[in-house]
Amino acid sequence: MLTDRGFDLWADGYDKSVGVSDEEGSYPFAGYKQILNEIYNRILTDKCNSVLDIGFGTGTLTTKLYSQGCRIWGQDFSGKMIELAKARMPEAQFYQGDFSMGLVEELRHNRYDAVVATYSLHHLSDEQKTGLIESVLPLLREGGCLYIGDVAFETRAELERCRTLAGEEWDDDEIYFVADEWMRAFPQMKFEKFSFCAGLLSFVKD
Ligand SMILES: C[S@@+](CC[C@H](N)C(=O)[O-])C[C@H]1O[C@@H](n2cnc3c(N)ncnc32)[C@H](O)[C@@H]1O
């Protein structure tokens, strides 16, 4: 599992390596750009103003929302990722903290129109993911939405097919969402598939 230091070292080359994997249509990032575009369009269509990004990395998604006037909050544990994202979004409120232990205090006192987590939560165990999702949903304003875009599968059989296809590239340290299993715990959750290894999970607050 990559540590904060591991992400610090990956930060400068991150956008490039994600782009290459997405353009080749290979695991793990096939469908990445499409998912981020979809979340971006939905947030703008819904006229969301305040957006929290969990594990924002270099800020690929939130930089575009920021330039459209959204107010951005975020949490990440990599100092280098924060430095890169801050240079792109000087007015954003970024906090350094390990989200396996939940959101930092400052972010828990706010309310958001949308919360996004793209390609970040697979670093948590399913138990940690559940705890984080349950702590984030009450922070959404009515009608707000939590979007999780990630390596994700509709069924475990699809995950196993991808594991076989990926061969040695498969990352055993990462724990991916399997939608039909998550729907048992969160029946309101919706799942949309974007590639053989990418999916968007959304949770609207009624
Ligand atoms: C693969 S990158 C995804 C970045 C961005 N959201 C994107 O879509 O390109 C994962 C990000 O999550 C952060 N991250 C991973 N585990 C974390 C943890 N336990 N606490 C805080 N940040 C974490 C990393 O530092 C990194 O910036």
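Tutor: Start with the secondary structure: this protein has 8 helices and 8 strands. Keep in mind that the model is predicted.

Student: How compact is the protein for its length of 206 residues?

Tutor: Its radius of gyration is 16 Å, close to the 17 Å from the globule rule for 206 residues, so the protein is as compact as a globular protein of that length. Along the principal axes, the C-alpha atoms fill a box of roughly 45 × 40 × 30 Å.

Student: What share of the contacts in the protein with a separation of 6 or more joins residues 24 or more positions apart?

Tutor: Such pairs make up 64% of those contacts.

Student: What percentage of the residues count as buried?

Tutor: Of the 206 residues, 38% do. As a general idea, nonpolar side chains in soluble globular proteins tend to be buried together. In this structure, the largest nonpolar core has 53 residues. Those with the most contacts inside this core are Val-51, Ile-72, Ala-114, Val-115, Val-116 and Tyr-147.

Student: Which strand gives the most to this core?

Tutor: Strand β5, residues 140–153, which gives 7 residues.

Student: Take Val-115. Which residues is Val-115 in contact with, leaving aside its neighbours within four places in sequence?

Tutor: Val-115 is in contact with Leu-52, Ile-54, Val-136, Leu-139, Leu-140 and Leu-146.

Student: Now the backbone. What should I look for?

Tutor: The general idea is that most residues other than glycine have a negative phi, and most peptide bonds are trans. Look for departures from that.

Student: Which peptide bond is cis?

Tutor: The bond from Tyr-27 to Pro-28 is cis, with omega near 10°. Pro-28 sits in the loop between α1 (4–24) and α2 (32–45).

Student: And phi?

Tutor: Lys-47 is not a glycine, yet has a positive phi of about 55°. The residue belongs to the loop between α2 and β1 (50–54). Tyr-119, also not a glycine, has a positive phi of about 55°. Tyr-119 is in the loop between β4 (112–118) and α6 (126–136).

Student: Is Lys-47 buried or exposed?

Tutor: Count the other C-beta atoms within 10 Å: 12 or fewer means exposed, and 20 or more means buried. Lys-47 has 8, so Lys-47 is exposed.

Student: Is Tyr-119 buried or exposed?

Tutor: Tyr-119 has 22 other C-beta atoms within 10 Å, so Tyr-119 is buried.

How values were computed
Residues numbered from 1 in each chain as written. Predicted model: local features only at pLDDT ≥ 70, side-chain atom pairs only at ≥ 80, totals over all residues. Helix = DSSP H or I, 4+ residues; strand = E, 2+ residues; numbered from the N terminus. Core = buried A, V, L, I, M, F, W, Y, C linked by C-beta atoms within 7 Å. Contact = placed C-beta atoms within 7 Å. Rg over C-alpha atoms; globule rule 2.2 N^0.38 Å.
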